[in-house]
Amino acid sequence: MTAVVFAGPSLRRESVPDRRDIEILPPIQRGDIDALLARDMPPTVIGIVDGRFMQSLSISPKEVLKAIDQGIHLLGSSSMGALRAVECAPYGMHGVGKIFEEYLSGRVDADDEVAMIYSEGDFLPISEPMINLRFAVKAGVSAGAFEEHTGEVFLRAAKALYFPERTVDRVLRLTAGEVTAKEHRRIGEFLASSAPDTKSEDAATLMARVVEFLPPAAPAPSDEGAWS
């Protein structure tokens with residue numbers, strides 16, 4: 001039994017188990033699942049975290065359902081994985097994490113909430129996904145780091161931006177005159193030091209769930225990385 005996980009900027013290296021039977025591939029796009037199914041030995045588990053959707057065709061629910069029909073366990077979280085998991089949950093796909101739950105509940109429904117841009121190759125984030133900002137503001141208000149109104153002003157300005165332009169620094173510049181200097185400083189400090197990264201947290205949860213579908217396995221040799 002083996003697993004393949006499609007991931008990019010949402011998955012931290014420390015969240016990837018050091019195992020031979022888990023293969024990490026770049027963010028998923030149209031045709032990637034069909035390519036796995038065409039292998040001599042397709043994986044028994046497929047996890048979807050990040051996906052492409054602008055420069056490439058996004059993965060279709062039809063491909064996901066084809067894999068499920070062949071008995072493969074499909075899991076999704078964080079980004080494209082959460083979107084497809086909501087669509088395909090009635091047919092057997094497993095949704096994982098807080099972001100999946102937000103979409104499933106209908107509290108969030110826009111695709112651009114998880115959209116972001118990143119550098120190719122090393123998958124370093126260039127913009128900030130809206131959904132992460134929502135969870136960060138919620139955490140900050142709950143912790144008393146800044147006032148609820150301050151968070152509302154910040155989120156409203158962030159949502160008004162086109163997603164590739166959505167960064168914390170840009171939103172802070174836009175809101176500098178809309179809240180008091182003290183509140184502006186407080187929210188900036190919280191976002192810089194204490195904000196949760198919900199996308200990455202959900203991706204780590206997905207990796208743990210993937211392992212649950214696999215038998216115990218010996219770790220990979222120390223000189224081999226888990227990334228592909």
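Let me start with the lining of the largest pocket, whose residues divide into 15 nonpolar, 7 polar and 6 charged, where Ala, Val, Leu, Ile, Met, Phe, Trp, Tyr, Cys and Pro count as nonpolar, Asp, Glu, Lys and Arg as charged, and the others, Gly among them, as polar. Please keep in mind that this is a predicted model, in which local features need pLDDT of at least 70 and side-chain atom pairs count only at pLDDT 80 or more, while totals for chains, interfaces and linings use all residues. Residues are numbered from 1 along each chain as its sequence is written, and side-chain values use heavy atoms, with hydrogens and water left out.

A pocket here, on a 1 Å grid over the protein atoms alone, is an open set of points where a 1.4 Å probe fits, with protein on both sides within 12 Å along at least five of seven lines, and lining residues have an atom within 4 Å of a point. The largest pocket holds about 480 Å³ of space, a volume being the space filled by probe spheres set on the points. Of its 28 lining residues, Pro9, Phe123, Pro125, Asp197 and Ser200 are the closest to the centre. Helix 5 supplies the largest share of that lining, 3 residues; helices are DSSP runs of H or I with at least four residues, and strands are runs of E with at least two, numbered from the N terminus.

The second largest pocket has a volume of about 410 Å³, and of the 25 residues that line the second largest pocket, Gly51, Arg52, Phe53, Met80 and Ala115 are the closest to its centre. Helix 3 gives the most to this lining, with 5 residues.

Strand 1 pairs in the parallel sense with strand 2 (residues 22–25) over 4 bridges, pairing requiring at least two DSSP bridges.
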